[in-house]
Amino acid sequence: MIVWLNGAFGAGKTTAARELVDFMPGSTFYDPELVGNGLRMMLPRKRLEQVSDYQDLPSWRRLVVDTGAALIAEVGGPLVVPMTVLKQEYRDEIFGGFAARRIPVRHVLLHTDETILRRRIAEREEIPGDADASESVRRWCLDHLAPYRAALNWLTTDAHVVDTTGLTPRQTAQHIADAVRDGAGNCDIVQTPEPTAETLAAGVLLFDEADRVLLVDPTYKPGWEFPGGVVERGEPPMYAGRREVAEELGVRLDEPLRLLVADWERPQPPGYGGLRLLFDGGRLTAGEAQEVLLPGAELRGWRFVTETEAADLLPPVRLSRLRWALRAREQGRPLYLEAGVPMG
């Protein structure tokens, strides 16, 4: 199990985490910041200059999961993880990675009244004997208060909140230990094991009466997606697409689906690639759209969007696939793509 302590920079997560280890027998303190420090030493300067925070490095997010899984395999017992994560898509990627390895996560938010938090930050001596470095850390904490406020809406929905305003670190740890024992902070994310070979996946495009396309927001990976999923062994792809739509949205598609795009996805380690199919699932009436039901463990939202709006939601590879699928729908014939490029 992972006990992930989130909160503003300077909220006392690390101190509380070290105390929490005492309240959870067999637990181990795991600081993902060490992963970031290692990447700073290993990655070329040119790559590091492209990001303002090591959390923006895909390698950091993957290594946080891989390292955590390796630690659990080595020592067993819970890992106590103090780390601020303010971008929901990064939370999706990291927690989804743990879920794929069947490692449950308890998400706890340490929240402090901002007036008290600012006072605590001002009193911190982060690096004893180095006034300039300590001041730099204090500025970093203060500069990230606004992003923390902006993230509170999803954080307070996703995590169990512990108000630390009037608590000592020891008291905070006791509150967390009690809450975790009672099951608080459980992130019920769908478990999607990582593929070990090329996969065949079937997605379905559903449209509203204005020809906008329906996208869904998964809890277990970053970015929006089309309804659909991996085709199971021995399962017809079109049937898989209809099954996934029924499971994800509660929408039954009884008519045959029309193939729009078959896209061969190049293997890019650590991924294996495979074949991605997109089918036309037809239009949903306003009444049918109102009956859409989402499985909370898998999807947190859905919406109809225009092609232009999709550009702000879909990762580049999925956006390219959508654009070619829309062209195929207009032309009335399917398209075969290799790595997103039409062939033949």
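**Salt bridges, helix packing and surface of a predicted model**

Arg170 and Glu19 form a salt bridge, with their closest N and O atoms 2.6 Å apart. The pair joins distant parts of the chain, 151 residues apart: Arg170 belongs to helix H9 (residues 169-181) and Glu19 to helix H1 (residues 13-23). This is a predicted model, in which local features need pLDDT of at least 70 and side-chain atom pairs count only at pLDDT 80 or more, while totals for chains, interfaces and linings use all residues. Residues are numbered from 1 along each chain as its sequence is written, and side-chain values use heavy atoms, with hydrogens and water left out.

**Salt bridges**

- The structure holds 31 salt bridges, each defined as a side-chain nitrogen of Lys or Arg within 4 Å of a carboxyl oxygen of Asp or Glu.
- Arg170 is partly exposed, with a relative accessible area of 38%, and Glu19 is also partly exposed, at 22%. Here buried means under 20% relative accessible area, exposed means over 50%, and partly exposed lies in between (1.4 Å probe, protein chains only).
- Asp263 and Arg321 meet through their side chains in a salt bridge of 3.0 Å, N to O. This pair also links distant parts of the chain, with Asp263 in strand E9 (residues 258-265) and Arg321 in helix H13 (residues 316-331), 58 residues apart. Both Asp263 and Arg321 are buried.
- Lys221 forms a salt bridge with Glu225, the closest N and O atoms being 3.0 Å apart. Lys221 counts as partly exposed at 23% relative accessibility, whereas Glu225 counts as buried at 15%.

**Helix packing**

- Helix H4 (residues 58-75) packs with helix H5 (residues 88-100) at an angle of about 30°, and their axes are 9 Å apart. Helices (H or I, at least four residues) and strands (E, at least two) are DSSP runs, numbered from the N terminus. Axes are lines fitted to C-alpha atoms, for helices over the stretch in contact, and angles run from 0 to 180 degrees between N-to-C directions.
- H4 and H5 are therefore roughly parallel to each other (angles under 35 degrees count as roughly parallel, over 145 as roughly antiparallel, 65 to 115 as roughly perpendicular and the rest as oblique).
- The crossing of H4 past H5 is right-handed, meaning that the near helix is turned clockwise from the far one by less than a right angle.

**Surface patch**

- Tyr336, Val341 and Met343 make a nonpolar surface patch of about 260 Å². Patches are made of residues with over 30% relative accessible area and no salt bridge; like charges are joined within 9 Å, and nonpolar side chains (Val, Leu, Ile, Met, Phe, Trp, Tyr) within 5 Å. Accessible areas come from the Shrake-Rupley method with a 1.4 Å probe, and for residues only the protein chains shown count as cover.
- Tyr336 lies in strand E12 (residues 335-338) and counts as partly exposed at 36% relative accessibility.

**Loop residues**

- Most residues other than glycine have a negative phi.
- Arg102, although not a glycine, has a positive phi of about 60°. Arg102 is in the loop between H5 and strand E4 (105-111).
- Asp211 also has a positive phi, near 65°. Asp211 sits in the loop between strand E6 (199-207) and E7, and counts as partly exposed at 37% relative accessibility.
- Tyr220 is in the loop between strand E7 (213-218) and strand E8 (228-230). Tyr220 is buried, with a relative accessible area of 14%.
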